[in-house]
Structure formats: C-alpha cells, structure tokens
Amino acid sequence: MRILITGCSRGLGRALLEPFISLGHTVAGCARDEGVIAQLTRQYPAPHLFAAVDVTSDAAVAAFARQVLDAGPVDLLINNAALMNTPASLWEVSAGEFDTLMAVNVNGVANVIRHVVPAMVARQSGVIVNLSSGWGRGVSPRVAPYCASKYAIEGLTAALALELPRGMAAVPLNPGVIHTDMLRQAWADDAARYPSPDNWAARAVPFLLQLGAKDNGQPLSVPG
C-alpha cells in the first residue's frame, strides 16, 4: 500500500511513519520543516518520499502531488497538517493568526484533495482520512478558531464522501486526546496525562489500514 501523510514532521504524522513502514508499506510525506524532512529522507530512503511543502500553497501542493503520483498511486491519504491557536477568547485572536490557522487546517486539506484525489477517483480506489478532533464535534473556550476549523473538516469530508465513486471512502477521524505539542499549547502541563503519539500510533495504524468503502462518510474515532 502507498500512503501519503501531510504534516509528517512531528506529532501524530511523525508517529505514523515507523509503524506503516515496518509493515512494508511505502510512505510519502510532507511538512514545512526542511530540516526534519532532510532527516526523514536519510532515515527512510526510496521508495519512500519526503518533501518540504507549505500546504497553504496550491502551487506547491500541485508540484508535490505530481511527484508522488509519478511514483505510483496513493491508496491511503491522511490529511494531518494542522495548527492550534494560542489559547485566548475569540475576540483576542488576531486576524493574522486566525487566517493562518484556517489556511493550514482547512485550505491545506482542500489543496491536497484537489491534487491527489482525482487520480484516486480515476482508479475508483482509495481512502481519504481527514484528521478532525473532539473539538470538531464539541467545543471548549479559548480554542474557537481550532474548533471552527475542525467543524469545517467534518462538513467538508461528509460532503466529499457523497461525491466519491463506489469503492472509495472519505472519513473525518477524531484521533482522540494525545500528548502532542498542540495539546501542550492548549492544556500546558495537563497534556502529559494523555498517551504519547507513539502509543497512539500502535492503535491507530491497524485501525487506519482496515478502513474501506464501508466507512465512507462515517465520523469515526481511533479506538481508545
């Protein structure tokens, strides 16, 4: 299986790489951190493929998608790239911070879908997983921009699911509460009470690999 993961430089995206690769799957990944991308390229050489890409740039995503698809079809697309806002009341969040978060969390997902999914549709095969959140199905104070972006992902994915041919699936996936940099940004030291990304990945990878057409449009969560 060929798997494409956005936001693969840290957190959940980074934690998924080793389990997938150790099972014999080929992984392509992108993130903005050029240093981490260079490290991943050394650690996981061809046929794996890693590139520094800003998912908010449609042109950059288009070029990366061509590179990935030239090497072979994508069977599983995991849109993981996302930002968390600095916790604050909504009226205290600057326009710049709000716009940047929405550009990554929503526009970035749409850009990747625009340039990767047509080849999947042509084959009438493949699964698209858009990472959502518990804050895409419920809300908390001081994270309104993040909540808005993940509610958008839930709706975007549900609508996409209706557009796909039979045999494919689009799934909005709540990963659960994981001790990541983003959670520390929101919850500070309390984040340490939750599972590490590596522990999460041990549960998530088998779950992701069994997703298929039967799951199309279903708002799912990684089992706890």
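A residue counts as buried when its relative accessible area is under 20%. Keep that cut-off in mind, as it will come back several times on this walk through the structure, which is a predicted model.

Let us start with the overall plan. The protein has seven helices and seven strands. Read from the N terminus, its elements follow the order β-α-β-α-β-α-β-α-β-α-β-α-α-β. The radius of gyration is 16 Å, close to the 17 Å that the globule rule gives for 224 residues, so the protein is as compact as a globular protein of that length. Its C-alpha trace spans about 45 × 40 × 35 Å along the principal axes. Of the 224 residues, 50% are buried. Among contacts with a separation of 6 or more, 64% are between residues 24 or more positions apart. The accessible surface comes to about 10,000 Å², and carbon and sulfur atoms hold 55% of that area.

Now find strand β2, residues 26–31. This strand is mostly covered, with six of its six residues buried. In a regular strand, side chains alternate between the two faces of the sheet. Here Thr26, Ala28 and Cys30 point one way from β2, while Val27, Gly29 and Ala31 point the other way, and all are buried.

β2 has a neighbour in strand β1, residues 2–6: the two run parallel and are joined by five bridges. Look for Ile3, which stands opposite Val27 in β2. Together with helix α1, residues 11–22, these two strands make a right-handed β-α-β unit. From β2 the chain then crosses through helix α2, residues 34–43, to β3, and this β-α-β crossover is right-handed. β2 and strand β3, residues 49–52, run parallel and are joined by four bridges.

Seven of its seven residues are buried, so β6 is largely enclosed by the rest of the structure. Met168, Ala170, Pro172 and Asn174 point one way from this strand, with Ala169, Val171 and Leu173 pointing the other way, and all are buried.

Strand β5, residues 126–131, runs parallel to β6, and six bridges join them. Gly126 stands opposite Met168 in β6. With helix α5, residues 144–163, the strands β5 and β6 make a right-handed β-α-β unit. β6 also pairs with strand β7, residues 220–221, in the parallel sense over two bridges. There, Asn174 stands opposite Ser221 in β7.

Let us finish with the aromatic rings. A search of the whole structure finds two aromatic pairs. In one of them, the rings of Tyr44 and Phe50 have their centres 6.3 Å apart and their planes at 40°, so the pair is tilted. Both Tyr44 and Phe50 are buried. Trp135 and Tyr146 also form an aromatic pair, this one edge-to-face, with 6.1 Å from centre to centre and 85° between the planes. Trp135 sits in the loop between β5 and α5 and Tyr146 in helix α5, 11 residues apart, so to speak a link between distant parts of the chain.

Are these two residues buried or exposed? Trp135 has a relative accessible area of 13% and is therefore buried. Tyr146, at 7% relative accessibility, counts as buried as well.

Technical notes
Residues numbered from 1 in each chain as written. Predicted model: local features only at pLDDT ≥ 70, side-chain atom pairs only at ≥ 80, totals over all residues. Heavy atoms only, no water. Buried < 20%, exposed > 50% of the residue type's maximum accessible area, 1.4 Å probe, protein only. Pairing = 2+ DSSP bridges. Right-handed = clockwise from strand over helix to strand, strands pointing away. Rg over C-alpha atoms; globule rule 2.2 N^0.38 Å. Contact = heavy atoms within 4.5 Å. Areas by Shrake-Rupley, 256 points an atom, 1.4 Å probe, with all protein chains shown as cover. Phe/Tyr/Trp six-rings, centres within 6.5 Å; stacked < 30°, edge-to-face > 60°.
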